[in-house]
Amino acid sequence: INLNTTIASTTLISSLCNHKARSSPGNWNSIAETLSTFATTVMENSGDHQEMVVPPVEGVAGGGTAYGWSDTGVNDPRPLRGAIDPTKVPSLELLNVWCMPNTANVGPQDMPRELESISLLAARNERESIQIAISPKVSWGGSGIAGTVQVQCTDLCSPCGARLAVGQSLTLRRVVPVLGIPDALVPLDMPVCQLNLFPGETTVIWVSIDVPIEQTPGQYEGEIIISASKAEAESTNQSLSKLEKHQLYRELRDCLDTVEPLEGKPLEEVVERVKSATSSLRRVLLSPLFSDFFSDNGPIDMMEEDAISSLSIRLKISLTVWDFVLPVTPSVPAVIGISDTVIEDRFGVEHGSNEWFELLDQHFKWLLQYRISPYFCRWGNGMRVLTYTSPWPADHPKSDEYFSDPRLAAYAVPNGPIVPCGDTAKDYLRREVEILKTKNHWRKAYFYLWDEPLNIEQYTSLRRMASDIHAYAPDARILTTYYCGPSDAPLSTNNFEAFLKVPAFLRPHTQIYCTSEWVIGNREDLAKDIIAEIQTENGEEWWTYVCLGPGDPHPNWHLGMRGTQHRAVMWRVWKEGGTGFLYWGANCYEKATVPSAEIKFRRGLPPGDGVLFYPGQVFSSSQQPVASLRLERLLSGLQDIEYLKLYASRYGRDESLNLLEKTGMYLGPERYTSEHRPIDVMRGEVYRTCQS
């Protein structure tokens with residue numbers, strides 16, 4: 001048997017067993033450990049041999065991934081053998097570490113590349129991200145793992161003393177595969193975290209830097225330090241018993257209770273309270289729980305002795321913050337649906353209960369960071385849809401808080417009660433509209449009543465509902481999604497001609513005409529025909545949407561598509577001239593009744609369609625949602641629009657389109673970059689020509 005084939009096959013099977021063990025412990029752990037040990041033993045006793053190559057993993061949608069063969073693999077000519085103490089060996093001899101752009105899909109079998117420093121550009125009020133990939137060269141751990149690494153970040157500092165703090169502006173998340181495709185971004189502890197590496201697998205960390213709106217422009221530098229460590233070095237939180245945790249909590253709580261009520265107290269009492277708190281804190285720090293951090297000469301500086309030893313890998317980060325400020329209110333509204341019924345089923349909350357309001361509030365606030373305007377929704381018969389941005393009535397303070405938030409570009413108003421209140425639908429609608437139309441934020445309001453009407457009956461119902469709303473507020477905006485005219489009463493003998501006549505058929509019962517990108521296909525000239533039918537002078541708008549279509553190679557957010565394919569969804573909006581965007585669902589996975597239940601995509605839909613984030617409980621004890629790579633790329637695309645808009649404000653819209661083309665970033669729905677470099681070139685050109 002060919003030795004390399006044996007090693008590669010055994011390592012790959014061991015890797016698969018490790019995946020199985022994570023979801024179904026038991027015999028899988030022992031099988032994975034046995035196979036891993038066997039592979040290591042064969043390698044250590046085989047003499048000289050070429051480094052194995054593990055086959056790539058295929059994408060789901062066929063849109064291409066960053067997997068695949070690579071000639072940039074890094075071979076170590078002097079493999080280590082025997083028992084390895086990671087505290088005595090340079091981490092570079094144990095680990096492959098390399099960086100990848102945020103548009104790369106870095107899979108578990110990705111091959112190593114050369115390590116390079118990170119250089120980024122970001123405006124104020126912008127998030128920029130990069131990926132760090134780590135794979136083991138050898139094994140030094142046990143229990144089926146190759147070894148443990150510790151990852152630590154420093155603040156990013158500028159020469160003038162300004163800084164971007166770890167845990168606030170700089171965060172780390174682990175990229176977790178979904179259906180074998182890298183997608184979920186699970187938060188890691190800051191400023192230090194530990195990761196287990198598995199034989200033959202690449203682990204990926206997603207690094208995000210959020211630049212505050214008030215940040216001082218300039219050059220910022222910092223480091224990410226990666227160190228191979230002993231497997232026994234578990235975190236204090238993992239090793240503490242429940243009793244020890246409770247004791248530690250009680251002591252710290254007592255300290256806080258001692259010093260919190262100081263305002264207005266006599267100086268003598270303040271001094272005594274501070275002395276008492278100091279004594280309690282010293283007692284906690286000198287307890288056996290923290291004995292590892294003390295030496296004979298006093299406390300050890302963890303930064304110096306552990307995380308940043310001379311054996312560690314130090315990855316330099318350089319960030320240029322320039323004086324452009326991304327507008328707080330996105331220039332292009334991106335309205336994204338959240339199914340309230342999915343939340344009710346998975347979290348076991350009753351519609352209209354206090355817990356229900358709390359969960360919706362959590363989702364709304366969390367999603368605002370992605371420059372999107374969330375709306376909650378539930379479907380009725382015939383694709384009739386009840387949509388609302390605030391679950392509270394219009395006269396509730398929370399509704400005004402939601403609608404007045406400058407990060408919200410648009411909000412959905414329900415045309416009936418969300419929670420039963422005794423009012424008829426018309427009475428509820430009239431009261432909501434009468435309150436809202438007196439507010440300054442009324443210009444953000446829209447009504448989304450029907451999803452993709454298909455026949456005369458549905459179109460007639462939509463027109464009637466819109467008439468009821470306009471009777472109370474003639475300036476109300478009705479949004480209608482569609483991809484065809486009524487099938488049982490064709491508006492033309494030609495399908496596309498019938499589609500073009502929908503605005504005339506719906507007018508004046510719709511103000512925002514939201515069409516599927518699938519209809520346009522690869523003929524961008526058709527977008528001009530659509531816009532020609534929109535009466536922009538009368539306040540009408542043209543928005544677009546994607547869902548299960550269009551498919552590859554067109555831009556969409558399906559799992560397995562290229563990273564640039566995800567990001568290009570918003571490039572397409574800018575190039576075609578749409579003034580808004582809608583996506584039908586961000587949490588529309590299959591029904592489950594437990595928060596931690598495995599995520600299953602809906603049958604009949606491409607994997608990832610209707611899902612842009614996951615419940616945090618699926619991956620950890622966290623209550624916060626977990627973003628997908630695709631949601632981050634949606635954010636990046638919206639930020640790209642702000643760059644292009646700035647460029648257009650200086651040189652005209654046509655020049656902004658020329659910039660997209662001459663950089664090779666985006667020429668059309670089938671002609672856009674598969675590499676990240678053109679994105680950096682576009683952003684760099686805007687920076688060079690538009691900075692103050």
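Trainee: What makes strand 15 and strand 16 count as a pair, and which way do they run?
Mentor: Two strands pair if DSSP finds at least two bridges between them. Here 5 bridges join strand 15 to strand 16 (residues 373–379), and the two run parallel. Strands are DSSP runs of E with at least two residues, helices are runs of H or I with at least four, and both are numbered from the N terminus. Before we go on: this is a predicted model, where local features need pLDDT of at least 70, side-chain atom pairs count only at pLDDT 80 or more, and totals for chains, interfaces and linings use all residues. Residues are numbered from 1 along each chain as its sequence is written, and side-chain values use heavy atoms, with hydrogens and water left out.

Trainee: Which strand does strand 15 join through 3 bridges?
Mentor: That is strand 23 (residues 581–583), also in the parallel sense. Ile 336 stands opposite Tyr 583 there.

Trainee: Why is strand 15 called largely enclosed?
Mentor: Buried means under 20% relative accessible area, exposed means over 50%, and partly exposed lies in between (1.4 Å probe, protein chains only). In strand 15 (residues 334–339), 6 of the 6 residues are buried, so the rest of the structure largely encloses it. Ala 334, Ile 336 and Ile 338 point one way, Val 335, Gly 337 and Ser 339 the other, and all are buried. In a regular strand, side chains alternate between the two faces of the sheet.

Trainee: How do you know which strands are at the edges of the open sheet of 7 strands?
Mentor: Its order is 1-3-10-7-8-25-24, with antiparallel pairing. Strand 1 (95–101) and strand 24 (613–614) each pair on one side only, and these are the edge strands. Helix 17 (residues 629–651) packs on this sheet, touching among others strand 3 (127–136) and strand 25 (626–628).

Trainee: How many bridges join strand 1 to strand 3?
Mentor: There are 7, in the antiparallel sense, and Leu 95 has Pro 136 as its bridge partner in strand 3. Strand 1 is mostly covered, with 6 of its 7 residues buried.

Trainee: What describes the packing of helix 16 and helix 17?
Mentor: Two packed helices are described by the angle between their axes and the distance between the axes. Axes are lines fitted to C-alpha atoms, for helices over the stretch in contact, and angles run from 0 to 180 degrees between N-to-C directions. Helix 16 (residues 563–576) and helix 17 pack at about 40 degrees, with axes 8 Å apart. Contact means heavy atoms within 4.5 Å. Residues making it include Trp 571 and Trp 574 of helix 16 and Leu 634 and Ile 641 of helix 17.

Trainee: Why does Leu 631 count as buried?
Mentor: Its relative accessibility is 1%, so Leu 631 counts as buried. Leu 631 sits in helix 17 and touches residues including Trp 366, Tyr 370 and Phe 613. Leu 631 and Asp 183 are 448 residues apart in sequence, yet 9.3 Å apart in space, C-alpha to C-alpha.

Trainee: How many disulfides does a search of the whole structure find?
Mentor: It finds 0, where a disulfide is a pair of cysteine sulfur atoms within 2.5 Å. Cys 514 has 0% relative accessibility, so Cys 514 is buried; Cys 547, at 17%, therefore counts as buried too.

Definitions and conventions. Lists of a residue's contacts leave out its neighbours within four places in sequence.
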